[in-house]
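Dear colleague,

Please find the structure below, with my notes following directly after it.

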Amino acid sequence: MGMSVTISAARAQDAEQILKLQYLCYQNEAELYGDYTIEPLTQTLDDLRSELDSGHGLVARLGDEVVASVRGSVDETGTARIAKLIVHPRLRRHGLGGRLLDAIEVHFTAEPAARRFQLFTGHRSEGNLRLYRSRGYAPVATEQVGPRLRLVTLEKTPADRVYLASA
């Protein structure tokens, strides 16, 4: 009998597993852009703990193993900034990233201050862009942050949520 993936709030003791998974997951992005100094690869454990303390994080577990994660926070303008959606390479393309994105949106929809969702990804990260567009996000800005990297900011309002039968 196989195990099911469960999604729950990230706990303080998950930080080390999240950081290791983040490092693994962002290797492809670093290779794609030729830059191994991107923030997800240089983030410290203390910085990640601070992010979890000041915002909200979710993890997906397969048994005791953290196999996916996402985190974010709501700023003073009512924008829920969603960041670092990661899925273990062996579990990609099975809908887990979409499930996590939906779950964090539901969390932030319950926040009265969350008037919009915003996230960003690199301009060459086609899989990420495809996922975000499929969930109703639209590009609102681009920013050149390095010689090979443009960040694409995507946004939607809670009313734009796309509900999928499989979610």
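The lining of the largest pocket draws at least two residues from each of α2 (27-33), α3 (39-42), β4, α5, β5 and α6, where helices (H or I, at least four residues) and strands (E, at least two) are DSSP runs numbered from the N terminus. A pocket here is found on a 1 Å grid over the protein atoms alone, as an open set of points where a 1.4 Å probe fits, with protein on both sides within 12 Å along at least five of seven lines, and its lining residues have an atom within 4 Å of a point. This is a predicted model, in which local features need pLDDT of at least 70 and side-chain atom pairs count only at pLDDT 80 or more, while totals for chains, interfaces and linings use all residues. Residues are numbered from 1 along each chain as its sequence is written, and side-chain values use heavy atoms, with hydrogens and water left out.

The largest share of that lining, 7 residues, comes from α6. In total 44 residues line the largest pocket, and those nearest its centre are Glu29, Leu85, Thr121, Asn128 and Tyr132. By residue type the lining divides into 22 nonpolar, 12 polar and 10 charged, with Ala, Val, Leu, Ile, Met, Phe, Trp, Tyr, Cys and Pro taken as nonpolar, Asp, Glu, Lys and Arg as charged, and the others, Gly among them, as polar. The space in this pocket is about 1,200 Å³, a volume being the space filled by probe spheres set on the grid points, which are joined across faces, edges and corners.

Side chains of opposite charge can pair when their charged atoms come close. Counting a salt bridge as a side-chain nitrogen of Lys or Arg within 4 Å of a carboxyl oxygen of Asp or Glu, the total comes to 12. One of them joins Lys20 and Glu16 at 3.4 Å, N to O, both residues lying in helix α1 (residues 15-25), 4 residues apart, or about one turn of the helix. Lys20 is exposed at 56% relative accessibility, whereas Glu16 is partly exposed at 43%.

Another salt bridge pairs Glu39 with Lys84, with the closest N and O atoms 3.0 Å apart, and this pair links distant parts of the chain, with Glu39 in helix α3 and Lys84 in strand β4, 45 residues apart. Glu39 is partly exposed, with a relative accessible area of 39%, while Lys84 is buried at 11%. A further salt bridge connects Arg81 and Asp75, whose closest N and O atoms are 2.8 Å apart. Salt bridges that share partners also join Glu39, Glu51, Arg71 and Lys84 into one network.

The backbone deserves a note as well. Most residues other than glycine have a negative phi. Lys84, however, has a positive phi near 50°, and Arg93, likewise not a glycine, has a positive phi of about 70°. Arg93 sits in the loop between β4 and α5 and is exposed, with 75% relative accessibility.

Lastly, His123 is found in the loop between β5 and α6 and is buried, with a relative accessible area of 18%. Not counting residues up to four places away in sequence, His123 touches Tyr33, Leu129, Arg148, Leu149, Arg150 and Val152.

With best regards

Conventions:
Buried means under 20% relative accessible area, exposed over 50%, partly exposed in between (1.4 Å probe, protein chains only). Contact means heavy atoms within 4.5 Å.
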